[in-house]
Amino acid sequence: MPELPEVENVRRSLTAAVDGTTIAAVRLGAFTGCIAAPEPDAFVARVTGRRITDFGRRGKYLLIALDSGDTIAVHLRMTGELTVTSPDTPTGKHHHLTFVLDDGRELRFSDTRKFGRLTLLTPDEAAALDRSLGPEPLDDRFTAERFAAMLAARSRAVKPLLLDQTFLAGVGNIYADEALFAARIHPLRPANSLTLDEAARLLDSIRVTLAAAIERGGTTLRDYRDGLGRPGNNQHYLNIYHRAEGDPCPRCGEPIARLVVVQRGTRFCPRCQPLPMP
Ligand SMILES: [Zn+2]
């Protein structure tokens, strides 16, 4: 499912392809539940005729800024896709909403699992969304000292904390497992048990993991495509997330272990990522 690197690739591809175009019309499919707010009629009325001034990103949200000051926040969740196509491309049955652009092309939202949502936000609502999310891990102003202080204030296990978007924005199951493996930190370590060195190593691992995945176009395990319909390439570079329990650790050969943490499958190496004795 799309995490920060995938949404960043959607952002970049759409910026290059359709930034500055105007939404001439909106066509809704049968599933209007993909619009979280406002009501579909109001959503259509407020975006029609508006020019797209910017594609931004905050955590896993794609933020489409309009010249009215409103922002369309798109959360792709499991299988949502936002792609620009020619009007000749046939629409599929999982295709729920189309922004018809003034140059004739179409920006289409499709979603097989129907968990993805579009929300039209006023400037105040966009600011509230921003405040509700934790820091951006790739923001240079976000320091290891601050990350260490955030961890020190929490007794929760580190893996679920990394998945909590109010704690840190953008990291999901794939990159949490990859970053913890790279940093050699057990997913169930209480956050406040990490030393300053470990916190710095973890932040560095998160950044390296995310930045590399962005450069490789994101991770496509099944569905993910960027704004031009292209799959990513990072799935060929995963170290731990895709491996089965018992497979050898790519670093030390120890059989990989699996845990379920907040209902999410979690892989780790018991030798490289030991849980210290209390
Ligand atoms: Zn290992």
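User: How many disulfides does the count come to, and by what rule?
Analyst: Zero disulfides. The rule asks for a pair of cysteine sulfur atoms within 2.5 Å. By the way, this is a predicted model, where local features need pLDDT of at least 70, side-chain atom pairs count only at pLDDT 80 or more, and totals for chains, interfaces and linings use all residues. Residues are numbered from 1 along each chain as its sequence is written, and side-chain values use heavy atoms, with hydrogens and water left out.

User: Why is C34 called buried?
Analyst: Buried means under 20% relative accessible area, exposed over 50%, and partly exposed in between (1.4 Å probe, protein chains only). C34 has 1%, so it's buried.

User: What makes C249, C252, C269 and C272 donors of the zinc ion?
Analyst: Donors are N, O and S atoms within 2.8 Å of the metal (3.2 Å for Na, K and Ca); water isn't among the atoms, so sites may look incomplete. Here the SG atoms of C249, C252, C269 and C272 coordinate the zinc ion at 2.2 to 2.3 Å. Along the chain, the donors follow the spacing C-x2-C-x16-C-x2-C.

User: Why is the site of the zinc ion called tetrahedral?
Analyst: Four donors get that label if all angles lie between 85 and 135 degrees; square planar (four) and octahedral (six) need opposite donors over 155 degrees apart and all others between 65 and 115, and anything else is irregular. The angles among the four donor atoms are 101 to 113°, so the site is tetrahedral.

User: How do you know whether C249, C269 and C272 are buried or exposed?
Analyst: C249 is at 4% relative accessibility, C269 at 0% and C272 at 8%, so each counts as buried.

User: Which residues does UniProt list for "active site"?
Analyst: The unreviewed entry lists P2, E3, K60 and R264. Of these, P2, E3 and R264 are in the lining of the largest pocket. UniProt positions use the numbering here, feature names are shortened, and annotations may be inferred rather than shown by experiment.

User: Why is K60 called buried?
Analyst: Its relative accessible area is 13%, so K60 is buried; P2, with 5%, is buried as well.

User: What makes P2 and K60 a contact?
Analyst: Contact means heavy atoms within 4.5 Å. Leaving out residues up to four places away in sequence, P2 touches V7, K60, L76, R77 and M78. With that same exclusion, the residues K60 touches include P2, E3 and H75.

Methods:
1 Å grid on protein atoms, 1.4 Å probe; cavity = no way out; pocket = protein on both sides within 12 Å on 5 of 7 lines; lining within 4 Å.
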